[in-house]
Structure formats: C-alpha cells, structure tokens
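Please keep the sequence and the coordinates at hand while reading.

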Amino acid sequence: MSEENLRYSREELAEFAEIIQDKLTAARKEVAFIKETLSRKNDSGTDNTASSAKVLEDGADTAEKESMNQLASRQMKFIQQLENALVRIKNGTYGVCIGTGKLIPKERLRAVPHTQHSIEAKMARRD
C-alpha cells in the first residue's frame with residue numbers, strides 16, 4: 001500500500017479540523033450555558049415562602065441540578081475527545097483506526113469526528 005492510502009491529505013485533515021473546531025465551539029457554549037444555569041439555580045432568589053410545595057420544589061431542583069451536572073460532565077468529556085482529535089490531526093494519526101490500522105471512512109469521521117475506531121473495529125469490540 002502506498003503512504004497516500006494510509007493517511008488523509010492535508011486538505012482532508014483541514015476539513016476535519018474545521019468540523020472539529022465547529023463542534024468544539026458549540027460544546028463549549030453549551031457547557032457555559034449549563035454552568036450559568038446551575039449558578040442561577042444556586043441563587044435563592046426572592047421567593048423564600050414557606051409552603052408544603054417548597055419541599056417538592058427543592059427535590060425537583062436537586063434532581064434537575066444533578067441532571068445538569070451529568071450533562072456538563074458528558075460535554076466536558078466530549079470536548080476533551082475533540083481536543084484529542086485535533087492533536088491527532090497535528091501528529092498525523094487522525095483518521096487511522098486504532099483497531100485495524102486502516103483509514104476510517106470520511107463519512108464516519110464527518111459524523112463522529114472524534115472517533116478512533118472504524119465501524120468494523122467498533123463492532124468487533126462489542127462481541
């Protein structure tokens with residue numbers, strides 16, 4: 001096999017880097033929004049009425065905060081994976097499946113730009 005078949009061209013890598021940068025920007029905005037929402041939830045506000053409904057609201061607030069924290073955690077992990085993909089672009093290993101050593105199809109990389117596995121390798125891992 002020629003070297004060309006083992007790596008994507010600079011132009012192709014630039015396309016993937018742009019896709020990743022767009023996803024990073026969106027993910028960072030989402031994390032900022034979640035953090036802002038959580039910080040507003042921590043404010044007690046002016047509504048400090050003592051009613052039986054307040055206990056239910058507190059429980060719902062706690063559940064919502066936990067859900068938002070989990071979402072933020074997933075987004076942070078996604079951001080890290082995208083940043084790692086940019087490193088792989090720079091060091092020339094982006095788009096090469098770590099399971100098979102073959103190029104991951106462009107369609108898959110466009111859909112899941114942080115992946116390190118081809119569908120073939122992903123399916124083999126599930127077995």
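A nonpolar core is a set of buried Ala, Val, Leu, Ile, Met, Phe, Trp, Tyr and Cys residues joined through side-chain atoms within 4.5 Å, where buried means under 20% relative accessible area, exposed over 50% and partly exposed in between, with a 1.4 Å probe and protein chains only. The model is predicted, and local features need pLDDT of at least 70, side-chain atom pairs count only at pLDDT 80 or more, and totals for chains, interfaces and linings use all residues. Residues are numbered from 1 along each chain as its sequence is written, and side-chain values use heavy atoms, with hydrogens and water left out.

The largest nonpolar core has 19 residues, of which Phe16, Ile20, Leu24, Leu86, Ile89, Tyr94 and Leu109 touch the most other members. Two or more residues of this core come from each of H1 and H2, and H1 gives the most, with eight residues; helices (H or I, at least four residues) are DSSP runs, numbered from the N terminus. Leucine 86, leaving aside its neighbours within four places in sequence, is in contact (heavy atoms within 4.5 Å) with Ala17, Ile20, Gln21 and Leu24.

Which residues are linked into a cluster by ring pairs? They are Tyr8, Phe16 and Tyr94. Rings of Phe, Tyr and Trp (its six-membered ring) pair if their centres lie within 6.5 Å, and planes under 30 degrees apart count as stacked, over 60 as edge-to-face and the rest as tilted. A search of the whole structure finds two such aromatic pairs. Tyrosine 8 and phenylalanine 16 form an edge-to-face pair, 5.4 Å centre to centre with 70° between the planes. The rings of phenylalanine 16 and tyrosine 94 also have centres 5.4 Å apart, but their planes stand at 50°, so this pair is tilted. The latter pair links distant parts of the chain, since phenylalanine 16 lies in helix H1 (residues 10-42) and tyrosine 94 in the loop between helix H2 (52-91) and helix H3 (106-111), 78 residues apart. Tyrosine 8 counts as buried because its relative accessibility is 11%, and phenylalanine 16 because its value is 1%.

An unreviewed UniProt entry lists residues 97-121 as "zinc finger region: dksA C4-type", although such annotations may be inferred rather than shown by experiment. The end C-alpha atoms of residues 97-121 lie 8 Å apart, and the span is 36% helix and 0% strand. Arginine 108 is found in helix H3 and, leaving aside its neighbours within four places in sequence, is in contact with Pro113, Thr115, His117, Ser118, Ile119 and Lys122.
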